[in-house]
Amino acid sequence: MKSNVKRWKRFKNDMTWYSFIIVSLLVLLIFTYLPTMATVYFSFTNMGTYGTEYKMVGLKNYTVLLGSKSFLNAFKNTILLAVYSLVKIPLGFLLAYAINSLGRTPRQTFFRIMFYIPSIITGVSVILVFQYVLRGNGGLLNNLLSKLLRHEVTTGWLSDPAISHLGVTILNVWMEIGYFMLMCLASLQSIPTEIYDAAVVDGANGLQKMVYITIPQMKSCFSFLLVTCMIGGFARFTDLYIIGGSTTAGRPSGTLQSLLMYIYQYSFESPQYGLSSAGSVILSIITLIFTLVNVKLSGFLKEDNG
Amino acid sequence: MKKKGNISKVLYKQRHHIITTMILAVILAILLLPFYWCLILSFDKTAITDLPDFSLVPHEFSIQNYRYANEMIDLGRYYMNTVMIAFVNTTIAVFFAMMCGYAFAKGNFRGKKFCFFFMLAVMMIPFESRMVPLYLIYRSIGMLNTYVPLMMGSFAYVYGTFFARQNIGAIPDSLRESAKIDGAGEWRIFLRIILPLCKPVISALGILQIVANWNAYLWPMIVIRSKEKQLISVGMAFFNASESSMYYGPRFAVVVLSAFPLVIMYLFLQKYIVQSVALSGVKQ
């Protein structure tokens, strides 16, 4: 009798708590877990478009992709652009270092606020502006360079296949430098000052302090930025898509086609769900590996044991 | 002698600050120059058909570009759609994140660890990996071209849950205990005690959500088909791709109008935004 009451009480307690989380859990199950499993399943079929007959084809989609020049090209572009975009980390660090050296003054606050502005307006507006900033004919950059160098500069930063990677990296750095600065600044300011005091007693100069104290102390910040930067780079889509004239062709000449654009192309432009799903699985596996590294480095799930 | 050394040190430091400030100011000017350019051109009459040389003020000041933009693109409609979606999604996302965060921070129930892991594991699955099946699901239940696909994800805001849990975990249990003695249930405690105490984390998550919704591009482009229902980012990009390359000025006017609300919000709430970004380490 007593144990029944106890059991009822415990059941009621469980139900109360589940009422807080049940909606989120169901949404995740139906709209995240099931579709993800469906993607894996589709990747083993020769599914064309929605509603057509299909059958299992084993690993064929994967072998097709890995033998396809355009897929490998998209793969190469994605990796290269992700690696180039890592330049945001040292640049963000140097900015943060300079801003931090001003001490806690109104000037520091001012720079902190202003440098983050491009990051708050990210998205399509910035991309549209930069299409014209980096334009070969009459763009802002070429315009200023022409005045500076005293001869006409018509470099097509985004239209010349040879340097389009540089062009979109400039765009990416410009859009996200504020975020990297902010993360580095937060990390810089969390370094205990006693360490610096001790170094000063030992006669260390500014550069030595930076190399032997600041940078090692910020290791976890750098690794976090590195991994999130790479993960973001793998999912690169919007800017390249718009620069290519709202197509997934990766103009100019396919040099700006990313993996996600390739997947989008075979999902919505010329649907071959089997193929695009295999592409998604490959992209997901790469992302998963980097996320696991991140979890390991940052101890994100460690607290779970508490 | 010692005093003199100190003075020169202070002077050295001051000079150092001035040089640093000047270098930072130059970099900042370069960084903000494209925005300034865009703003100037949006008021420049000569920019309608041509990209004029850079100048500090418009060559020929007029608001013609804004008039053209207003005729060519239904910006008011996109604004309303986007504000509505951003508001609804942010409210749902933050509220559900707080609910889950509370349960995982203070709850003791069977399966808690599993459920928490079930949620966090989602962060490892990129959205792109479920794009096609999700699209097919909404298509088969006739929900394409509605706002349902854009809202559904808000009911499970995983990052938000994680940070809500951390913050709620820091609230002392004694508050809950005394409320319990007064006969309050968990829901009552959550609504009356926990939520009011969590204003900082609520505002931080809210800001992150608003910015994310304002900038959403890929998913709205896939599921929203009709022009009248489209959101601002996609609408703007469509406009940019469809019009002939003639209308530079109006394009810049559209960019200025669409970026304006976020800049204003940022300047007002910059303290919270800077904190939320630096503390959470997430940007979505």
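Reader: Leaving aside neighbours within four places in sequence, which residues is Leu260(A) in contact with, and which of them is in chain B?
Author: This is a predicted model, and the contacts described here are those of that model. Setting aside residues within four places in sequence, Leu260(A) touches Ala235(A), Arg236(A), Phe237(A) and Leu283(A) in chain A. The list also holds a residue of chain B, Glu128(B).

Reader: Is Leu260(A) buried or exposed?
Author: Leu260(A) sits in helix α14 of chain A, residues 259–269. A residue needs 20 or more C-beta neighbours within 10 Å to be called buried. Leu260(A) has 27 inside 10 Å, so it counts as buried.

Reader: How many of the 11 residues of α14(A) are buried?
Author: The buried residues of α14(A) are Leu259(A), Leu260(A), Met261(A), Tyr262(A), Ile263(A), Tyr264(A), Gln265(A), Tyr266(A) and Ser267(A). The helix is mostly covered, and the number buried is nine.

Reader: At what angle do α3 of chain A and α14(A) pack, and which classes of residue make up their contact?
Author: Helix α3 of chain A covers residues 69–84, and its axis is 7 Å from that of α14(A), at an angle of about 145°. From α3(A) come Phe71(A), Ala74(A), Phe75(A) and Thr78(A), which meet Leu259(A), Met261(A) and Tyr262(A) of α14(A). The contact of these two helices has no charged residues, one polar and six nonpolar.

Reader: What is the phi of Ser253(A), and is Ser253(A) buried or partly exposed?
Author: Ser253(A) lies in the loop between α13 (238–243) and α14 of chain A. Its phi is positive, about 50°, although Ser253(A) is not a glycine. Ser253(A) has 14 C-beta neighbours inside 10 Å, and therefore counts as partly exposed.

Reader: Is chain A a compact globule, or more spread out than one?
Author: Chain A has 15 helices and zero strands. For its 306 residues the globule rule gives 19 Å, and the radius of gyration is 25 Å, well over that value, so chain A is more spread out than a compact globule. Along the principal axes, its C-alpha trace spans about 75 × 60 × 30 Å.

Reader: What share of the contacts in chain A between residues at least 6 apart in sequence join residues at least 24 apart?
Author: As background on burial in chain A, 39% of its 306 residues are buried. Among contacts between residues at least 6 apart in sequence, the share joining residues at least 24 apart is 65%.

Reader: Which helix gives the most to the side of chain B that touches chain A?
Author: In this pairing, 73 residues of chain B are in contact with 75 residues of chain A. Several helices of chain B each supply at least two residues to that side, including α1 (2–42), α3 (75–106) and α13 (248–280). By class, the side of chain B has 52 nonpolar, 12 polar and nine charged residues. The helix that gives the most, with 12 residues, is α13(B).

Reader: Which residues of chain A does Cys100(B) contact?
Author: Leaving aside neighbours within four places in sequence, Cys100(B) touches Met119(B) and Thr161(B) in chain B. Its contacts in chain A are Phe20(A), Ile21(A) and Ser24(A).

Reader: How far apart are the centres of domain 1 and domain 2 of chain B?
Author: Chain B is divided into domain 1 (2–67) and domain 2 (73–242). Taken over C-alpha atoms, the centres of these domains are separated by 38 Å.

Reader: Which residue with a positive phi follows α5(B)?
Author: The buried residues of α5(B) are Met131(B), Val132(B), Pro133(B), Leu134(B) and Tyr135(B). The helix is followed by a residue whose phi is near 65°, Gly142(B).

Key. Residues are numbered from 1 along each chain as its sequence is written. Chains are lettered from A and ligands numbered from 1 in the order in which they are written. This is a predicted model: local features need pLDDT of at least 70, side-chain atom pairs count only at pLDDT 80 or more; totals for chains, interfaces and linings use all residues. Domain bounds come from an automatic or database domain assignment. Two residues are in contact if their C-beta atoms, placed from the backbone, lie within 7 Å. Helices (H or I, at least four residues) and strands (E, at least two) are DSSP runs, numbered from the N terminus. Ala, Val, Leu, Ile, Met, Phe, Trp, Tyr, Cys and Pro count as nonpolar, Asp, Glu, Lys and Arg as charged, and the others, Gly among them, as polar. A residue is buried if 20 or more other C-beta atoms lie within 10 Å of its own, exposed if 12 or fewer, and partly exposed in between; C-beta atoms are placed from the backbone. The radius of gyration is taken over C-alpha atoms; the globule rule is 2.2 Å times the number of residues to the power 0.38. Axes are lines fitted to C-alpha atoms, for helices over the stretch in contact, and angles run from 0 to 180 degrees between N-to-C directions.
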